[in-house]
Amino acid sequence: MPPVPRTPRGRRLDVPLIAWLTVIWMLLWSGPTWGNLVSGVFVSVALCLVFPLPPVELDLRLRPVGILRLAGYLLYDMVSSSITVTLRSLSGSRRLRPAAVIAVPLRCRTDLMIAATAVSVSCVPGGALVEVNGATATLFLHVSEADDPGRVERTRRDVWRLEALAVRAFGTRAEIDRVGANLAREEPGS
């Protein structure tokens with residue numbers, strides 16, 4: 001029988017987590033009152049002691065220039081996509097074009113970069129994220145006008161561009177190097 005891992009004698013309380021749980025508790029009980037605050041802190045501390053969370057290694061880097069580039073690109077993409085979707089809906093065309101679900105393999109394998117890319121893709125109008133496969137680092141997207149092969153490839157390149165921007169905003173040096181090595185090929189490597 002394998003040895004049972006030892007638990008530390010003193011459990012560390014996570015103050016931001018307790019504060020957040022207390023806010024949620026007060027919202028569930030219809031607002032901030034002294035009774036809700038005290039009971040919320042009590043329940044939050046009890047939850048943290050009874051159900052301790054494992055330590056999470058968050059390999060996050062905040063790069064202000066990269067964050068600004070990502071935010072600028074997302075803002076531009078949101079505005080241009082909104083205009084495109086609006087013009088299509090107002091055009092009155094009843095002709096339906098085929099749609100498809102495409103797989104876009106990502107270059108980075110960390111959960112944080114997969115999630116950042118998926119959130120970036122899903123916040124742009126006109127694109128629909130169908131599934132995220134973390135095991136293979138693959139995003140599945142719904143694409144309209146799938147009868148145009150150029151459209152499908154443009155969608156893949158757009159996702160890879162968003163991934164590169166997210167990595168340059170939040171990724172590690174190794175992830176930045178991995179994305180940079182693959183930029184010339186415009187295809188994710190294994």
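The legends below describe close-up views of a predicted model.

**View 1. Confidence along the predicted chain.** The protein chain has an average pLDDT of 83. Of its residues, 86% score at least 70. Helix α2 (residues 34-50) has the highest confidence, at a mean of 93. Helix α6 (residues 173-183) has the lowest, at 81.

**View 2. Helix α1 against helix α2.** Helix α1 (residues 15-28) packs on α2 at an angle of about 130°. The two axes are 8 Å apart. That angle makes α1 oblique to α2. The crossing of α1 and α2 is right-handed. From α1, the contact takes in Leu17, Ile18, Leu21, Thr22, Trp25 and Met26. From α2, it takes in Asn36, Leu37, Ser39, Gly40, Val41, Val43, Ser44, Val45 and Cys48. By class, the contact of α1 with α2 has 10 nonpolar and five polar residues, and no charged ones.

**View 3. Helix α3 against helix α5.** Helix α3 (residues 64-90) and helix α5 (residues 149-170) pack at about 150°. Their axes lie 8 Å apart. An angle over 145 degrees counts as roughly antiparallel, so α3 and α5 are roughly antiparallel to each other. Their crossing is left-handed. On the α3 side, the contact residues are Gly66, Ile67, Arg69, Leu70, Tyr73, Leu74 and Arg88. On the α5 side, they are Arg151, Asp158, Arg161, Leu162, Leu165, Ala166, Arg168, Ala169 and Phe170. Sorted by class, the contact of α3 with α5 holds nine nonpolar, one polar and six charged residues.

**View 4. Helix α4 against helix α5.** Helix α4 (residues 111-122) also packs with α5 in this model, and the axes come within 9 Å. They cross at roughly 125°. That makes α4 oblique to α5. The crossing of α4 and α5 is right-handed. Met113, Ala116, Thr117, Ser120 and Val121 are the α4 residues in the contact. Their counterparts in α5 are Val159, Leu162, Glu163, Ala166, Val167 and Phe170. The class count for α4 with α5 is eight nonpolar, two polar and one charged.

**View 5. The three-stranded sheet.** The sheet is open and its strands run in the order β1-β3-β2. The pairing is antiparallel. Strands β1 (100-105) and β2 (128-133) stand at the edges. Each has a single partner strand, so one side of each is left without a neighbour in the sheet. From one strand to the next, the twist averages 25°. Helix α5 lies across β1 and β3. Its direction is about 40° to β1.

**View 6. Pairing of β1 with β3.** Six bridges link β1 and β3 in the antiparallel sense. Ile102 stands opposite Leu141 in β3. Leu141 is also the bridge partner of Leu129.

View 7. Strand β2 and strand β3 (residues 138-143) run antiparallel and are joined by five bridges. Ala128 is paired with His142 in β3. Leu129 is paired with Leu141. Glu131 is paired with Phe140. Four residues separate the two strands of the hairpin. In the turn, Ala137 has a positive phi of about 55°.

Note on methods: Residues are numbered from 1 along each chain as its sequence is written. This is a predicted model: local features need pLDDT of at least 70, side-chain atom pairs count only at pLDDT 80 or more; totals for chains, interfaces and linings use all residues. Side-chain values use heavy atoms; hydrogens and water are left out. Axes are lines fitted to C-alpha atoms, for helices over the stretch in contact, and angles run from 0 to 180 degrees between N-to-C directions. Angles under 35 degrees count as roughly parallel, over 145 as roughly antiparallel, 65 to 115 as roughly perpendicular and the rest as oblique. A crossing is left-handed if the near helix is turned anticlockwise from the far one by less than a right angle, and right-handed if clockwise. Contact means heavy atoms within 4.5 Å. Ala, Val, Leu, Ile, Met, Phe, Trp, Tyr, Cys and Pro count as nonpolar, Asp, Glu, Lys and Arg as charged, and the others, Gly among them, as polar. pLDDT is the predictor's confidence in each residue, from 0 to 100. Two strands pair if DSSP finds at least two bridges between them.
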